[in-house]
Amino acid sequence: MSQREFRLYDTLTRSVKPLVLAEPGHLRFYSCGPTVYSYAHIGNFRTFLTADLVVRTAQALGWRVSYVSNITDVGHLTSDDQDGGEDRMEKGLKSKEGEAFVNVWDLADYYADCFKEDWARLNLRRPLVWPRATQHMREQILAVEHLIERGNAYETPTGVYFSVASFPEYGKLSGNKDRENLFQAVRNVVQDDNKREPADFALWKKDDKHLMQWYSPWGWGFPGWHIECSVMAMQYLGETIDLHAGGEDLVFPHHECEVAQSECLTGKPFANHWIHTRFLQVDGAKMSKSLGNFFTVRDLVEGKGVDPLALRYALISVPYGKPLNFTMQTLRDATKNLERYRECERLAILALDRPDGADTIGAELDALFDATLDAMCDDLNTSVALAKALEGTGVVFRESASMGAASARSALRFLARIGDLLGFLVPRGDGPVETAAVAAFEDEPPALVIEMSERRLEAKRVKDFALADRLRLEIEEAGWEVRDTPEGPQFKRRMVPL
Ligand SMILES: [Zn+2]
């Protein structure tokens with residue numbers, strides 16, 4: 001196991017400190033997921049990618065990772081105001097896109113599926129579990145009951161509220177200690193004259209008209225948003241978790257409220273370390289549909305033909321603790337860099353056929369991988385990590401003309417390790433690239449590719465090299481690479497789809 005420290009900025013102590021695991025070698029990690037009332041946008045995915053990089057870095061250190069990311073499929077309110085505040089799921093159903101769904105459950109299922117599709121497109125690691133709020137209603141109701149029993153919550157004619165006064169540490173995460181003013185910022189708080197303090201927040205809302213409702217000791221209604229994460233984090237990861245993540249907009253009130261509820265329930269610290277991802281802007285402005293700079297993953301991938309792995313590269317190009325200004329230039333740069341990696345892989349695979357020779361690059365590439373991992377362990381410094389990794393491609397290009405199979409194997413091993421750590425290169429199969437690449441030459445391509453390959457051989461035979469080159473490109477565009485051998489052409493799927 002690696003002796004490296006994994007240092008991350010901690011919102012709670014406002015300092016960069018090493019991640020300390022309650023159980024050595026095992027990270028227990030909870031990250032807040034999306035509310036599935038529409039498609040997640042690229043800003044949401046920037047936050048999910050931070051969590052993904054935590055998982056990948058921890059795994060590179062040899063840690064076991066128990067990673068839980070929830071799906072919020074019961075609506076929370078869009079504003080504080082009881083009359084104006086609208087449930088997000090209901091709002092989704094009433095929107096133009098909502099017309100396609102028979103009910104709010106159907107809508108939640110659809111957007112949850114799309115979310116997982118986008119997750120896979122950007123090559124995020126799958127969590128241990130994707131718990132859904134609606135599937136943990138019993139646990140939420142029990143938690144609210146316990147909070148009432150312990151004197152941390154009380155019932156009013158409209159719901160059950162957490163009493164902020166019962167938890168003196170309320171505000172320790174966000175630094176919001178000014179309770180008089182707290183409620184101004186609280187999104188999920190309902191104006192209710194029966195509340196003891198304006199800052200008290202809803203654990204349960206009584207509402208027998210709501211589209212999603214459950215029967216509780218307080219009648220028909222639905223849970224407040226914050227309670228779901230407290231309950232699901234503790235159910236899957238234990239009473240104290242090592243690390244909790246989310247977008248910067250969640251620090252207050254969502255995470256502050258999670259801390260209050262959880263610590264009142266158990267009397268123990270809820271999370272030992274908190275990280276938050278800064279906002280993403282597009283072309284220097286906040287994303288908004290009216291400005292025309294609002295993008296979902298599918299807008300870019302399906303609508304504009306953007307390579308999802310280039311999108312991933314672009315979204316991680318700036319460290320999570322700094323705002324990212326996403327532009328088309330960011331995306332073009334990412335695409336160019338990805339092409340470098342793909343070319344590097346291609347050259348290394350070709351060199352696998354040469355005599356072994358001396359490994360002239362292995363040590364240098366290992367050192368660059370170590371530097372990349374060091375940067376990731378330094379508060380996920382992705383800009384340094386990406387630069388160090390890219391230096392590795394320069395090493396491979398420098399040696400490509402002369403390198404033998406031993407160096408080629410080192411190059412492929414480097415690419416596989418970078419792909420594992422940063423996620424923008426996808427090797428085939430589960431094994432390291434070198435084995436996958438060799439095995440892949442036995443793959444059977446579709447008839448169209450075989451036919452193009454035969455035309456290419458014919459072009460070579462009649463020395464029409466321009467046509468042969470064009471056909472090779474077409475074969476690559478179809479997702480295949482061809483290699484000429486004495487036994488005839490061999491095919492391999494391209495490691496990363498175009
Ligand atoms: Zn949450």
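Guide: Welcome! One definition before we start: two strands pair if DSSP finds at least two bridges between them. Please also keep in mind that this is a predicted model.

Visitor: What is the order of the strands in the open sheet of 5 strands?
Guide: The pairing in this sheet is antiparallel. Strand 5 (153-155) and strand 8 (214-216) each have a single partner strand, so they stand at the edges. From one strand to the next, the twist averages 35°. The order is 5-6-7-9-8.

Visitor: Through how many residues does a hairpin join strand 8 to strand 9?
Guide: These two strands pair over 3 bridges in the antiparallel sense. One example is Trp214, whose bridge partner in strand 9 is Gly221. The hairpin that joins strand 8 to strand 9 runs through 2 residues.

Visitor: Is the pairing in the open sheet of 4 strands parallel or antiparallel?
Guide: The strands of this sheet come in the order 4-3-10-11. Strand 4 (64-69) and strand 11 (274-277) are its edge strands, each pairing on one side only. Strand 3 (residues 26-31) and strand 10 (residues 243-247) are joined by 3 bridges, and Ser31 has Ala245 as its bridge partner in strand 10.

Visitor: Are helix 11 and helix 12 roughly parallel or roughly antiparallel to each other?
Guide: Helix 11 (residues 362-377) and helix 12 (residues 382-399) pack with their axes 7 Å apart, at an angle of about 170°. Angles over 145 degrees count as roughly antiparallel. Helix 11 and helix 12 are therefore roughly antiparallel.

Visitor: How many nonpolar residues does the contact of helix 11 with helix 12 have?
Guide: On the helix 11 side the residues include Leu365, Leu368 and Met376, and they meet a helix 12 group that includes Val384, Ala389 and Val395. By class, the contact has 3 charged and 2 polar residues. Its nonpolar residues number 9.

Visitor: How is helix 12 placed relative to helix 13: roughly parallel or roughly antiparallel?
Guide: Helix 12 and helix 13 (residues 405-422) have axes 11 Å apart and pack at an angle of about 160°. With the cut-off for roughly antiparallel at over 145 degrees, that makes helix 12, relative to helix 13, roughly antiparallel.

Visitor: Finally, what percentage of the residues of the protein count as buried?
Guide: The protein has 16 helices and 16 strands. A residue counts as buried if 20 or more other C-beta atoms lie within 10 Å of its own. Of the 498 residues, the share that counts as buried is 45%.

How values were computed: Residues are numbered from 1 along each chain as its sequence is written. This is a predicted model: local features need pLDDT of at least 70, side-chain atom pairs count only at pLDDT 80 or more; totals for chains, interfaces and linings use all residues. Axes are lines fitted to C-alpha atoms, for helices over the stretch in contact, and angles run from 0 to 180 degrees between N-to-C directions. Angles under 35 degrees count as roughly parallel, over 145 as roughly antiparallel, 65 to 115 as roughly perpendicular and the rest as oblique. Two residues are in contact if their C-beta atoms, placed from the backbone, lie within 7 Å. Ala, Val, Leu, Ile, Met, Phe, Trp, Tyr, Cys and Pro count as nonpolar, Asp, Glu, Lys and Arg as charged, and the others, Gly among them, as polar. A residue is buried if 20 or more other C-beta atoms lie within 10 Å of its own, exposed if 12 or fewer, and partly exposed in between; C-beta atoms are placed from the backbone.
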